Amino acid sequence: MSEQVQSLKSLTLFCKVVDNYGDIGICWRLARQLEREHHINVHLWVDDLRSFQRICPDVKLNIDTQNVAGVTVHHWRDQNGTFTPEDISDIVIEFFACDIPPAYIQAMAQRRPRAVWLNLEGLSAEAWVEGCHTLSSPHGSLPLTKYFFFPGFNSKTGGLLIESELERQRQQFISDPATIAEFLSSLGLSRNEIDALKISLFCYPHAPATALFEAWKNNATPITCLVPEGVAEEAVQAFTGQPATAGSVTTIGALTIRVLPFVPQPDYDKLLWACDLNFVRGEDSFVRAQLAGKPFIWHIYPQDENLHHVKLNAFLKCYTANTNNLAAMMLAWNGVTTDPIQWNTTWQALEADMPQIAHLALQWQQQLIANGDMTSNLLKFAHTVHQQSVNNE
């Protein structure tokens, strides 16, 4: 990075996988950016290597400690383990309030100088996030303080995870139709599929995908729907009448559904860039869809008492690329509305708005980039905390 964080050279990130690929997706992007762009020695502890391997094929499932793309990856099997102060990194991050091993915390308390301890929270557009960003929380019995770091959509938060080369790579990709066609062809798409309206579909199993497939098959123009293997599996199989395995392709009416293998993160970005509309879920693909500058529909991770509906409405309120028809589709897709949904009408209204949404989406993307990237903002904050700690010791 810069001279201001020279004293912070190592970081340990703890990740418990709750939302299949979103949690490890965020942590892996963060770990890679820390190592590549800021030359931080990163240790990533993760409890689910199988989900990790789906987005990073280089991960081995039977190894407790391995080096992947310059990051030391540890299989986090349980809360046991022995740690010394020498094992503790300069910065320690627990992702989304996961409980890190008690022995690690004890070793943190013995380390000099103190590690910067951060809880990297989940993304939300709710107003209270701005007031809680960077707040401190002293440990109940040890001389340690944890700080809450919130990603977000404006300068009062930590921003979003945006690699320094991402926008240049996107521009280079979308400016060359031959490159786009070559990428889509590598996924098996025919010329007709490439020429159609291209929609990527990444959602949770309870999404009303079957209803949308019925609307799409009656569309006035051809639609190619690209679905990762294992996503919307029951709906795909029910609609196509065949197993939803990678490589399967079925055309019914105007709709062609092609099942894709899971792709590494860089190729997923290209998929988002290449499609006209992206259905995304959780947090990681949700952020990447916004950085793609394309229209998207978000399937938010469900929470008890429908708290996710509050988060969805908070985002729709701040999202400047929103239209009434986009909001209607997103609310219907997430089951917020209780009235019967006319999917043909809802889809046709959204499709009519697509040129306007695409224009606004690029403006929103530039606004996000202007807020600065989360990784750099996090390191700057960690440096401030570190300096305060050194001055007080």
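First, the ground rules. This is a predicted model, where local features need pLDDT of at least 70, side-chain atom pairs count only at pLDDT 80 or more, and totals for chains, interfaces and linings use all residues. Residues are numbered from 1 along each chain as its sequence is written, and side-chain values use heavy atoms, with hydrogens and water left out.

Now the rings. Rings of Phe, Tyr and Trp (its six-membered ring) pair if their centres lie within 6.5 Å; planes under 30 degrees apart are stacked, over 60 edge-to-face, and the rest tilted. How many aromatic pairs does the structure hold? It holds 32.

Take Phe-153 and Phe-286. Their pair is edge-to-face, 6.2 Å centre to centre, with 70° between the planes. Phe-153 lies in the loop between β8 (145-149) and α5 (166-174), and Phe-286 in helix α11 (residues 284-291), so the pair ties together parts 133 residues apart in sequence. Helices (H or I, at least four residues) and strands (E, at least two) are DSSP runs, numbered from the N terminus.

Buried or exposed? Phe-153 is buried, at 8% relative accessible area. Phe-286 is buried too, at 2%. Buried means under 20%, exposed over 50%, partly exposed in between (1.4 Å probe, protein chains only).

Next, the wider group. Ring pairs link Phe-153, Phe-286, Phe-296, Trp-298, Phe-315, Tyr-319 and Trp-364 into a cluster. In that list, Trp-298 is buried at 6%, and Phe-315 at 1%.

Last, charges. One counts as over a ring if NZ of Lys or CZ of Arg is within 6 Å of the ring centre and within 35 degrees of the ring normal. Lys-16 lies over the face of Trp-76, 4.1 Å from the ring centre. The charged end of Arg-54 sits over the ring of Phe-262, 4.1 Å from its centre.
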